[in-house]
Amino acid sequence: MQSYDIIIAGGGMVGLAVACGLKDSGLSVAILEQGAAPSFTPQDPLSVRVSAINRASQRLLEKLDVWQDILQMRASCYHGMKVWEKDSFGQIAFDDGELGGHGLGYIIENSVLHTALWRKAEKLSHITLIPNAALVQTAFGDNETFVSLQDGSMMTARLMVAADGAHSWLRGKADIPLTFWDYKHHALVANIRTEQPHQGIARQVFHGEGILAFLPFEDPHCCSIVWSTEPQMAKKLSLMDESLFCQQLAVTFDMQLGPCTLSSERKTFPLTARYARQFASHRLVLVGDAAHTIHPLAGQGVNLGFMDAAELIGQLIRLQQEGKDIGQHLYLRRYERLRKLSAAKMLASMQSFQDLFAGQHPLKKMVRDIGLTLADKLPGIKPQLIKQALGEHDLPEWLRK
Ligand SMILES: Cc1cc2nc3c(=O)[nH]c(=O)nc-3n(C[C@H](O)[C@H](O)[C@H](O)COP(=O)(O)OP(=O)(O)OC[C@H]3O[C@@H](n4cnc5c(N)ncnc54)[C@H](O)[C@@H]3O)c2cc1C
């Protein structure tokens with residue numbers, strides 16, 4: 001039976017980040033990933049799964065020494081943001097002028113982030129990476145947890161990390177209850193060519209029945225779109241004749257970048273809010289989508305997960321230095337308290353945004369148009385919004401060092 005200090009279930013972006021961050025901690029880590037190792041080559045066409053990565057996540061990726069690899073693979077810096085309400089006067093726009101033109105964030109394909117972190121993990125001697133691992137059983141003992149895989153192998157650890165995504169198997173095995181609600185939106189993602197250049201600006205329109213974002217790629221005429229709308233509508237859009245889809249897309253987008261053409265497949269994802277009632281228990285801790293999922297309207301899901309990773313890394317390093325048992329719930333409570341608070345705040349603000357911008361009632365429309373205009377014009381508000389967008393208002397201590 002193999003023994004490790006930590007076993008991480010799920011070698012996605014967040015699980016890998018946790019493992020890489022424990023490099024100098026003296027802790028041994030095994031990552032059990034049910035899928036194969038990710039691969040990326042520069043010849044690959046642009047993927048439809050992308051993430052808007054904020055400054056705080058960039059800091060983490062720099063600290064993990066993968067940021068340069070990511071930039072070399074493929075990443076697009078965006079310098080401005082524009083949000084507006086369709087067919088009305090309400091809008092807000094900001095740019096990175098006050099930040100010295102260094103960008104508000106990056107649009108990065110998930111395959112690039114995943115591959116960079118995986119390659120890093122492969123090189124680190126404290127990590128044992130096990131792809132194609134099928135977990136079949138787990139038990140939480142007083143001093144250790146036990147895991148068995150379908151191939152008959154067994155292993156133990158002092159702590160297990162559930163980084164196995166929204167439908168976390170490990171969360172289920174630990175009987176951790178989940179609060180969840182349906183956003184009644186499905187997100188349609190695709191890559192689009194536009195007649196007019198995007199100028200490095202991420203744009204988002206609220207159009208009553210949904211939310212449509214155009215996220216700029218390096219190519220000035222190419223964007224990734226995330227179109228969140230009612231499930232029936234999303235299905236219709238995903239099956240619609242290509243030229244009709246592009247027409248509808250350009251019209252919904254108020255023709256901001258002119259006519260569009262589709263340059264990829266269209267994929268849809270149901271959107272559900274999830275919030276695990278506990279982020280930690282005896283010999284278990286939850287990170288990333290295993291702990292929470294949120295609406296992608298502010299592009300914050302993996303950013304929140306990366307901050308879980310940063311907080312957990314800091315706490316585990318401290319516990320190890322102090323000679324404490326890293327699997328004791330008592331010692332994991334600090335992580336749990338801090339990250340539950342951040343996730344709850346994020347879930348609440350996504351819900352208020354979705355509620356505020358849903359529907360076309362004239363009075364509600366006027367209130368939000370005035371709100372957007374005031375936020376755009378009143379002094380002092382934009383710097384706060386930029387700070388939120390950068391994610392640096394809520395930095396875990398480990399990232400501040
Ligand atoms: C349409 C859409 C757009 C989004 N846009 C953004 C954005 O712009 N910015 C942003 O920050 N976030 C965004 N998100 C959210 C983001 O994609 C997720 O938050 C992120 O992928 C979560 O990462 P994770 O590592 O926690 O989980 P996952 O990416 O789900 O990884 C979990 C890993 O665990 C593995 N696994 C699962 N079960 C098991 C098991 N039983 N045993 C072993 N391994 C297992 C899986 O194979 C996977 O590799 C978006 C989400 C959607 C749906």
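Which strand does lysine 184 lie in?

Modeller: Lysine 184 lies in strand β12. Strands here are DSSP runs of E with at least two residues, and helices are runs of H or I with at least four, both numbered from the N terminus. This is a predicted model, where local features need pLDDT of at least 70, side-chain atom pairs count only at pLDDT 80 or more, and totals for chains, interfaces and linings use all residues. Residues are numbered from 1 along each chain as its sequence is written, and side-chain values use heavy atoms, with hydrogens and water left out.

The backbone of lysine 184 has a positive phi, near 55 degrees, in a residue other than glycine. Its relative accessibility is 58%, so lysine 184 counts as exposed. Exposed means over 50% relative accessible area, buried under 20%, and partly exposed in between, with a 1.4 Å probe and protein chains only. Aspartate 175 sits in the loop between α5 (169-173) and β12. Aspartate 175 also has a positive phi, about 55 degrees, although it is not a glycine. At 67% relative accessibility, aspartate 175 is exposed.

β12 (178-194) supplies at least two residues of the shell, as do α1 (13-21), β3 (50-53) and α8 (301-321). The shell holds 27 residues, and the closest are Glu33, Ala52, Asp289, Gly299 and Val302. Twelve of the shell residues are nonpolar, eleven polar and four charged. In that count, Ala, Val, Leu, Ile, Met, Phe, Trp, Tyr, Cys and Pro are nonpolar, Asp, Glu, Lys and Arg charged, and the others, Gly among them, polar.

Valine 302 places a backbone N or O atom 2.8 Å from a ligand oxygen. At glutamine 34, a polar backbone atom is 3.1 Å from a ligand nitrogen. Taken alone the ligand exposes 1,000 Å², and the protein buries 83% of that.

Now the helices of the shell. In α1, nine of the nine residues are buried, so the helix is largely enclosed by the rest of the structure. Among them are Met13, Leu16 and Cys20. Helix α8 holds aspartate 308. Aspartate 308 is buried, with a relative accessible area of 0%. Its side chain makes a polar contact with the side chain of histidine 292, at 2.7 Å. A polar contact is a pair of N or O atoms within 3.5 Å; within protein, one must be able to donate a hydrogen and the other to accept it, and residues adjacent in sequence count only if both atoms are side-chain atoms. Aspartate 308 and cysteine 260 are 48 residues apart in sequence, and their C-alpha atoms are 38 Å apart.

Next, the rings. Six aromatic pairs are counted. Tryptophan 67 and tyrosine 106 form an edge-to-face pair, 5.0 Å centre to centre with 85 degrees between the planes. This pair links distant parts of the chain: tryptophan 67 is in helix α3 (67-73), tyrosine 106 in strand β7 (105-109), 39 residues apart. Both tryptophan 67 and tyrosine 106 are buried. Phenylalanine 214 and phenylalanine 253 are stacked, with centres 3.8 Å apart and planes at 15 degrees. Phenylalanine 214 lies in strand β14 (210-216) and phenylalanine 253 in the loop between α7 (242-252) and β16 (260-262), so this pair ties together parts 39 residues apart in sequence. Phenylalanine 214 is buried at 1% relative accessible area, and phenylalanine 253 is buried at 1%. Ring pairs link Trp84, Phe214 and Phe253 into a cluster. Rings of Phe, Tyr and Trp (its six-membered ring) pair if their centres lie within 6.5 Å; planes under 30 degrees apart are stacked, over 60 edge-to-face, the rest tilted.

Two arginines also meet rings. The charged end of arginine 49 sits over the ring of phenylalanine 269, 4.4 Å from its centre. The charged end of arginine 266 sits over the ring of phenylalanine 245, at 4.8 Å from the centre. Here, NZ of Lys or CZ of Arg must be within 6 Å of the ring centre and within 35 degrees of the ring normal.

Definitions and conventions
Near = heavy atom within 4 Å. Areas by Shrake-Rupley, 256 points an atom, 1.4 Å probe, with all protein chains shown as cover.
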